[in-house]
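These are my notebook entries on a structure that was new to me. I set down what I looked up, entry by entry.

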Amino acid sequence: MKQDAFEAAASPIWTNYRAMLDALENSRQRRAHVPTFTTFPHLHRRLCSDYALARSRRYSPGLIAELEVLVRRGHRQLYRRRSAPLRSVLDFMARRFPRTLRRHSAVVWIAAALFFLPMIGMGIAVHQDADLVYSLLDAEQVAELESLYDPARQTPGRAGERQADTDVAMFGFYVMNNVGIGFRTFAGGLILGLGSLVILLVNGLSIGAVAGHLTRLDYGATFWPFVSGHGPYELTAIAICGAAGLLLGQALLAPGQRSRLAALRANARDAVILVGGAAVLLVFAAVIEAFWSAGPAPSALKYSVGVLGWVLVAIYLTLAGRAGDDAP
Amino acid sequence: MPLPIDTVRLHETPEGVDLALRVAGPAPRAIAYLLDVVVRLALLLVVLPLAAFSGFGTGLILLALFGLEWLYPVVFEVRSGATPGKRIMGLMVVHDDGTPVRVASSLIRNLLRTVDFLPILYGVGLVSMLVDRDFRRLGDLAAGTLVVYADAPPAKPTISRVAPQPPPAGLPFEAQQAILAFAERGHAVSDARRIELAEILAGGVGRQGEAAVAQVNAWAAWLARGAPDGRG
C-alpha cells in the first residue's frame with residue numbers, strides 16, 4: 001500500500017484521536033471528557049499499529065514523525081495514574097507514612113540515636129561545665145540566647161513582644177526554617193549519607209548545648225515550657241528526615257544484591273515518603289510553636305501538653321495503619 | 001549493536017512500538033533554570049506588598065519564600081510536566097518510560113537539587129549530566145526521571161505533486177528514507193545546499209544541478225504515491 005492511500009484511509013481515525021488528545025490534555029476539560037472517551041484505549045492501539053506499519057512500510061519520515069508524536073501524547077494520557085488528591089493525602093498520613101517508617105525501623109532508630117544521644121550528652125556536659133557551651137556557640141550567640149529566655153522579661157519565647165500578629169510571622173518563619181532543615185537533612189544523604197549524619201549530629205549537639213546552658217543559668221522555667229509543646233513533633237521529624245537521608249547513603253554504600261543505581265531508586269521511593277510525612281509533622285510543630293508555645297498558658301499545662309505530644313507521636317508511629325503492615 | 005551517537009532514547013511501550021524520547025542537555029536546562037529564577041523573583045515581587053500588613057503579611061511572605069524555594073518546581077511539574085522556564089525552552093520532565101512525572105518522583109528530583117547545586121552553581125549536577133548518557137543529574141538518577149524535549153509542533157510537510165518516476169531497484173531502506181526526507185524538508189535549505197544534497201542522492205544516475213533535485217522529488221513522489229496509472 002502506498003503512503004497516500006494509507007493516509008487517506010486512516011486519517012479520519014487520526015483526526016478523531018487527535019481531537020480526543022486535545023481535550024484530554026486540557027486540564028479544564030479532561031474531568032468531563034475522561035468518562036466519555038471509552039474508545040480511547042482502542043484508538044490508541046490502532047494508532048500504535050498504524051505507526052508500526054508506517055515504519056515497517058518505509059513511509060516518509062514526516063509521516064512517521066507525525067504518528068510518533070500522536071502515539072507519545074496518547075501514551076502519556078493512557079498511562080497517567082489518576083488519584084483523588086485529598087483522599088490520597090489522608091491515606092498517606094494514616095497508613096503509608098507510618099507503615100514505611102516501621103519497615104525501615106532499624107534506620108530510623110540509628111538516626112534517632114545519632115540525633116538524641118549527642119543532644120542528651122551535650123546537655124548534661126554543658127550543665128556541668130560552664131565553658132563548654134562556647135565550644136559550639138560564640139559569645140554573641142550565647143548572650144542573645146540568654147536575653148531571649150531571661151525570666152526577668154515578661155514574655156518568654158524567641159521574640160520579644162509577641163501578639164497574635166507576630167505569631168503568624170513566626171509561623172511563616174518556622175515553616176521556612178524547619179521544613180527547609182528537614183529537606184536538607186534528607187538531601188545530604190546523597191553524599192554517601194555523610195550530609196545527613198553531620199546535620200543530625202550538629203543539630204543534636206546545638207540543641208543539647210542550648211538546653212543545658214539555659215538550665216544551668218536557672219532559665220529553665222522560661223525555656224522548658226516554651227519548647228515542651230512542639231518538641232515532640234519537631235525533634236521526631238528531624239530524626240525521620242535524617243533516617244531518610246541515611247537510606248540514600250545506605251543504597252550507595254551497601255546496595256546489596258542490586259546495582260547502586262537500582263538500590264538508590266528503590267530507597268529514594270521510600271525515603272521520600274518518610275520526608276513527606278516528616279514535613280507534615282514539621283508544619284504541625286510550627287503551628288504549635290507559633291500559636292501555643294509562646295502563649296500565656298501556665299507551665300504545668302504546657303508540660304502536660306508536651307508529655308501528651310510524645311505519647312501521641314509514639315502511638316501514631318507504632319500503631320497507625322498497623323493492620324496492613326504485612327502488605328507490600 | 002553499537003548505540004547510535006544521538007540523544008534519542010527508545011522506550012518500548014506495552015503496545016509493542018518504540019517511543020522516542022529526545023533527552024535535553026545541560027545548556028537548554030540551564031537557560032530554563034535561569035528563566036525560572038526570573039519567574040520566581042517576579043512572583044516574589046507580587047507578594048511583597050503584603051509586608052504592609054506587618055506581622056501577618058510577613059508570615060505570608062515567609063511562607064511564599066518557602067513555597068518558591070521548595071515547592072515551585074514540584075507543583076508545575078506534576079500539573080503540566082514542566083516549570084514555566086522549561087515550557088518556554090520546550091522541555092518537559094517524564095519518567096524514564098515516557099509517562100508523566102508524579103508527585104513522588106518530582107519531590108525526589110527537586111529535593112535532591114540541594115546536592116546537585118553543590119559546591120556552587122550546579123557543579124555536581126553538571127558533572128553528573130556530562131558523565132551520564134541521558135544527561136541526568138543526581139536527582140534525576142534517584143527519581144528515575146528524564147528531561148526531554150516536548151513534542152514538536154505537528155507541522156507535517158507535504159511531498160510536492162510532481163510526476164512520479166520509479167527509483168532504481170534494490171534501493172536500501174536508508175536511501176529511501178533519505179529521498180523522502182529530502183522531498184519533505186528540502187525547501188527549508190538554500191538552493192545551493194539543496195542541489196548539493198540532491199546530487200549525492202541522484203549522482204548515481206548522472207543527474208546534476210536542478211535536474212538532480214527534480215529527479216529526487218520524482219522518486220519521492222513514486223515512493224509516496226506510486227505510479228501515475230495506479231500500479232506501484
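**Entry 1: terms and source.** I count two residues as in contact if their C-beta atoms, placed from the backbone, lie within 7 Å. Helices (H or I, at least four residues) and strands (E, at least two) are DSSP runs, numbered from the N terminus. I note that this is a predicted model, in which local features need pLDDT of at least 70 and side-chain atom pairs count only at pLDDT 80 or more, while totals for chains, interfaces and linings use all residues. Residues are numbered from 1 along each chain as its sequence is written, and chains are lettered from A and ligands numbered from 1 in the order in which they are written.

**Entry 2: domains.** I looked up the domain bounds, which come from an automatic or database domain assignment. Chain A is divided into domain 1, residues 3–78, and domain 2, residues 86–324. Taken over C-alpha atoms, the centres of these two domains of chain A are 51 Å apart. For chain B the assignment gives domain 1 (8–149) and domain 2 (157–232). Their centres are separated by 43 Å, again over C-alpha atoms.

**Entry 3: helix 3 of chain A.** I turned to helix 3 of chain A, residues 40–56, which has 17 residues. Its first and last C-alpha atoms are 24 Å apart, close to the 24 Å expected at 1.5 Å a residue; the expected span is 1.5 Å times one less than the number of residues. I call a residue buried if 20 or more other C-beta atoms lie within 10 Å of its own, exposed if 12 or fewer, and partly exposed in between, with C-beta atoms placed from the backbone. Which residues of helix 3 of chain A are buried? I found A:His44, A:Leu47, A:Cys48, A:Asp50, A:Tyr51 and A:Ala54. After helix 3 of chain A comes A:Arg58, with a positive phi near 60°.

**Entry 4: two residues of chain A.** I found A:Leu78 in helix 4 of chain A. It has 17 C-beta neighbours inside 10 Å and therefore counts as partly exposed. Not counting residues up to four places away in sequence, A:Leu78 touches A:Pro41 and A:His44. I then looked up A:Phe223, which is placed in helix 10 (residues 220–228) of chain A. Is A:Phe223 buried or exposed? A:Phe223 counts as buried because it has 21 C-beta neighbours inside 10 Å. Its contacts, leaving aside neighbours within four places in sequence, are A:Tyr149, A:Ala211 and A:Leu214.

**Entry 5: helix 9 of chain B.** The 12 residues of helix 9 of chain B (191–202) should span 16 Å at 1.5 Å a residue, and its end C-alpha atoms agree at 16 Å apart. Its buried residues are B:Ala198, B:Leu201 and B:Ala202. They cover an arc of only 80° around the axis, which puts them on the same side of helix 9 of chain B. They pack against helix 8 (173–185) and helix 10 (209–225) of chain B. On the face turned away from the buried side I noted the exposed residues B:Ala192, B:Arg193, B:Glu196 and B:Ile200.

**Entry 6: B:Ala221.** B:Ala221 is found in helix 10 of chain B. With 22 C-beta neighbours inside 10 Å, it counts as buried. B:Ala221 and B:Ser160 are 61 residues apart along the chain, yet their C-alpha atoms are separated by 7.3 Å. Leaving aside neighbours within four places in sequence, B:Ala221 is in contact with B:Ile159, B:Arg161, B:Val162 and B:Pro164.

**Entry 7: where the chains meet.** I recorded 49 residues from chain B and 48 residues from chain A in the contact. On the side of chain B that touches chain A, the largest share, 12 residues, comes from helix 2 of chain B.

Methods:
Arc of directions from axis to C-beta.
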